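Please look over the structure shown below before reading on.

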Amino acid sequence: MLLSHLNILNYRNIREASLDFSDKLNCFIGLNGQGKTNLLDAIYLLSFTKSAFTASDSQNITHGAEMAMVQGEYLTSNSAGASTDEADKLTISCGLKRGIKKSFRRGKKDYKRLIDHIGLIPLVMVCPQDNQLIEEGSDERRRFMDSVISQQDRAYLEHLTTYNALLKQRNALLRQLSDKPSSDAQVLESSNSLLEVFDAQLLAPAQYIYHARARFIEAFVPVFQELYAAISGGSEQVELHYISQLQNRDLEEAFRNTRQRDLILGWTSQGIHKDELEMLITDENGQYPLKRVASQGQQKTFLLAMKLAQAVYLSCQLSVVSNQPILLLDDIFDKLDSERVERIVSLVRSDRFGQIFITDTDRQHLTSIVQPDSTAKIFYVNNGTITQ
């Protein structure tokens, strides 16, 4: 899947843009705060129906404007050997208006459910905010797994949506019951009956999600370790371990055994919403949690390897060259030594990756990527204005 053309109107600080792209390398140069990341976010929006950075759609509309529009034209078979004329063309557009639900359209038809769009245009984004995968809680690492698996397994996204909705209802019931404790036997029996209903409904989606995550990590880790070694030069080893309560217990029994404790806590203590990804690094002194001992450069390498492995993994799962994920690389060279930068440049130029959009404040980095590719395009970004 290739993004051939992009139209933007009033998206964040980009008032207007109409851009044609290379099917491999597209580089954006500009100082910080000029709109490079906003451009990548507009491309991200067309794959995931939402911004990578803000939950509120209205915050993505240019200050002082009432509406925004992002529209992308995609070629679905060009990279598989077809000419541009032969390639299947696909138009995706998103309209935002203050106080009104956003519209999201494939061709001339609006989606009834935004969830139905996820996975159509596979995409991987690497950005400075990725350090939340290391620094923040386990929900960030679960979100990483969910984002990858959902792009190639529609059933997974359906089960995840169902599980989260049921969990929200179960927690609301637990809060309600914990706020109004009762010694009445009939009330307690009724409460347990309601919880039993939720527990029974949670089992099937939880099992599906657990097994899908376990399969994903098993296939993902070797690719991740290979790419980490390629970037680091093999100076240290890394590991990712998937940890889940479902690995060593029956969830139905766990729900039953912890029901009274959940009533006291006011939230659900068991389930796949407690899953974790353990990040480890090994050097000559031993094995340690990444967050505790790794340098900024090692952490950045770890995150880059995870995201690049995500792109390679999706390419393998999709099994079609034309469906290689679009790769967005935002300010990836910061905090890395020159040797690691050189190895990254060599990696992203390879055939393992499809269409790439990359930003940097330093033209030297991007020139080293572009040089061997006569089809690459370079754009300058200044105060929301983008010129080739």
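A salt bridge is a side-chain nitrogen of Lys or Arg within 4 Å of a carboxyl oxygen of Asp or Glu. Side chains of opposite charge can pair when their charged atoms come close. The model is predicted, with local features needing pLDDT of at least 70 and side-chain atom pairs counting only at pLDDT 80 or more, while totals for chains, interfaces and linings use all residues. Residues are numbered from 1 along each chain as its sequence is written, and side-chain values use heavy atoms, leaving out hydrogens and water.

**Salt bridges**

The structure holds 18 salt bridges. Three of them are listed here.

| Pair | Closest N to O |
|---|---|
| Arg113 and Glu158 | 2.8 Å |

Helices (H or I, at least four residues) and strands (E, at least two) are DSSP runs, numbered from the N terminus. Arg343 and Glu339 are 4 residues apart in helix 10, so about one helical turn separates them. Glu140 and Arg143 lie 3 residues apart in helix 3 (residues 138–150), about one turn of the helix.

Buried means under 20% relative accessible area, exposed over 50%, and partly exposed in between (1.4 Å probe, protein chains only). Glu140 is buried at 18% relative accessibility, whereas Arg143 is partly exposed at 44%. Arg343 is partly exposed as well, at 27%.

A network of salt bridges links Arg170, Glu196, Asp199, Arg259 and Asp262.

**Strand 13**

Is strand 13 enclosed or open? 5 of the 5 residues of strand 13 (residues 356–360) are buried, so the rest of the structure largely encloses this strand. Ile356, Ile358 and Asp360 point one way, and Phe357 and Thr359 point the other way.

Two strands pair if DSSP finds at least two bridges between them. Strand 3 (residues 25–29) pairs with strand 13 in the parallel sense over 5 bridges, with Phe28 opposite Thr359. Strand 12 (residues 326–330) also pairs with strand 13 in the parallel sense, over 4 bridges, and Leu329 stands opposite Ile358.

**Positive phi angles**

Thr49 is not a glycine, yet has a positive phi of about 65°. Thr49 sits in the loop between helix 1 (36–48) and strand 4 (67–75) and is buried, at 7% relative accessibility. Asn383, also not a glycine, has a positive phi of about 50°. Asn383 lies in the loop between strand 14 (377–382) and strand 15 (385–387) and is exposed, at 59% relative accessibility.
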